Protein chains: 2
Amino acid sequence: MRKVTFDISMSLDGYITGPDNSSEHPLGENGEMLHQWLYRLASWRKRHGISSGKINKVNKDAKVVEESFKSTGAVIMGRRMYDHGVKYWGDNPPFHVPVFVLTHERKEKIVKEGATSFTFVTDGIKSALLQAKAAAGNKNVAIAGGADTARQFMKAGLLDEMQIHFVPILLGGGIRLFDRLDSGPITLKRNRVIESTGVTHIRFRVSK
Amino acid sequence: MRKVTFDISMSLDGYITGPDNSSEHPLGENGEMLHQWLYRLASWRKRHGISSGKINKVNKDAKVVEESFKSTGAVIMGRRMYDHGVKYWGDNPPFHVPVFVLTHERKEKIVKEGATSFTFVTDGIKSALLQAKAAAGNKNVAIAGGADTARQFMKAGLLDEMQIHFVPILLGGGIRLFDRLDSGPITLKRNRVIESTGVTHIRFRVSK
């Protein structure tokens with residue numbers, strides 16, 4: 001079944017960036033500690049064009065990431081994530097599917113190498129989702145972030161599944177994934193737990 | 001090995017109470033949703049003197065709770081937790097071990113039925129820990145709460161192990177377990193994950 005998904009690395013104290021994050025340093029202080037498990041994966045490095053460095057053997061983390069990558073047919077992201085990321089992604093961005101960027105500014109579609117394209121959507125999340133679903137075929141639509149974008153989809157009841165990669169660190173500050181929810185209790189249904197070395201990947205069905 | 005432990009139920013958004021908690025309603029709005037998994041356990045109900053109601057069969061949750069109970073030789077708690085709890089615990093409180101209450105007010109030791117006693121400690125957490133360790137023999141000392149008390153032990157480097165019972169709900173407000181840490185990143189070592197129905201019990205070694 002085609003789903004709308006969101007994958008995110010979160011510290012034990014609920015942060016998805018470190019303290020003092022800015023548009024120049026979106027991960028904040030020590031925020032890269034949240035993603036060490038990812039940086040070490042051979043598959044991730046290959047997709048990001050990094051051929052050197054110490055890599056992990058194929059492990060449970062790699063399987064989780066490959067599963068998400070293979071099941072994703074289109075991506076939605078917020079404008080700030082795009083603006084920051086585009087400086088690093090180069091001519092062959094790591095998505096390899098159509099990407100829909102939520103923005104207020106009209107802009108022509110950009111087609112990159114390796115099947116990645118960026119379409120700028122100015123008429124809201126529902127329109128972005130319709131376009132992304134059409135592009136995804138029978139695969140999933142992944143919300144790439146940031147936290148605000150993911151929260152918008154969750155609040156609108158448009159998010160089906162969320163997978164949190166729990167990293168056993170306390171960052172002590174930064175941006176919290178679950179903040180300003182402004183709503184009563186929401187019950188999720190945990191539908192999978194995968195323990196890898198350190199990181200615990202917990203997947204939830206978001207009830208509507 | 002004798003350890004200082006802390007067990008706590010936490011929502012996915014990091015809360016250990018619901019919104020609008022007060023001394024009269026320490027769990028806040030919907031905060032009892034964090035503990036439903038516990039209330040259903042036959043062993044928990046028995047220890048709290050509740051003989052009626054719907055109970056779960058012995059499950060993984062029950063094993064986790066029994067393990068904590070059996071390995072605990074003494075308990076430390078904050079004054080607010082004591083003040084609220086004592087109204088409900090009756091003549092035979094559910095601890096069945098010596099309890100040390102952190103307070104600023106001198107008070108005589110209270111001895112209850114079922115091996116529970118309350119000793120009031122006015123000279124700080126280290127003194128409470130020394131007394132609790134002496135009382136616990138070769139068993140663990142459990143920090144019962146509240147969050148402030150647990151944070152004090154963690155900050156002082158006196159907490160060895162923390163087990164978080166992750167409940168898949170978003171409460172949207174309340175008291176956060178990890179708040180005002182005022183410290184750089186702290187790396188924990190996850191040493192066990194138990195999935196039960198809904199709740200994920202993750203145990204961490206707190207590095208010093």
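Hi everyone, let's start where the two chains meet: 27 residues of chain B are in contact with 27 residues of chain A, where contact means that the C-beta atoms, placed from the backbone, lie within 7 Å. The elements giving two or more residues to chain B's side are strand 8 (169–170), strand 9 (186–195) and strand 10 (200–206) of chain B. Strands here are DSSP runs of E with at least two residues, helices are runs of H or I with at least four, and both are numbered from the N terminus. Which strand gives the largest share of that side? Strand 9 of chain B does, with seven residues.

Before I go on, this is a predicted model, where local features need pLDDT of at least 70 and side-chain atom pairs count only at pLDDT 80 or more, while totals for chains, interfaces and linings use all residues. Residues are numbered from 1 along each chain as its sequence is written, and chains are lettered from A and ligands numbered from 1 in the order in which they are written.

Back to strand 9 of chain B: it pairs with strand 8 (residues 169–170) of chain A in the antiparallel sense, over two bridges. Pairing requires at least two bridges found by DSSP. In that strand of chain B, B:Ile186 is the bridge partner of A:Leu170.

Now for chain A by itself. Chain A has six helices and ten strands. Its C-alpha atoms fill a box of roughly 45 × 40 × 35 Å along the principal axes. Of the 208 residues in chain A, 39% are buried, meaning that 20 or more other C-beta atoms, placed from the backbone, lie within 10 Å of the residue's own.

Key: A residue is buried if 20 or more other C-beta atoms lie within 10 Å of its own, exposed if 12 or fewer, and partly exposed in between; C-beta atoms are placed from the backbone.
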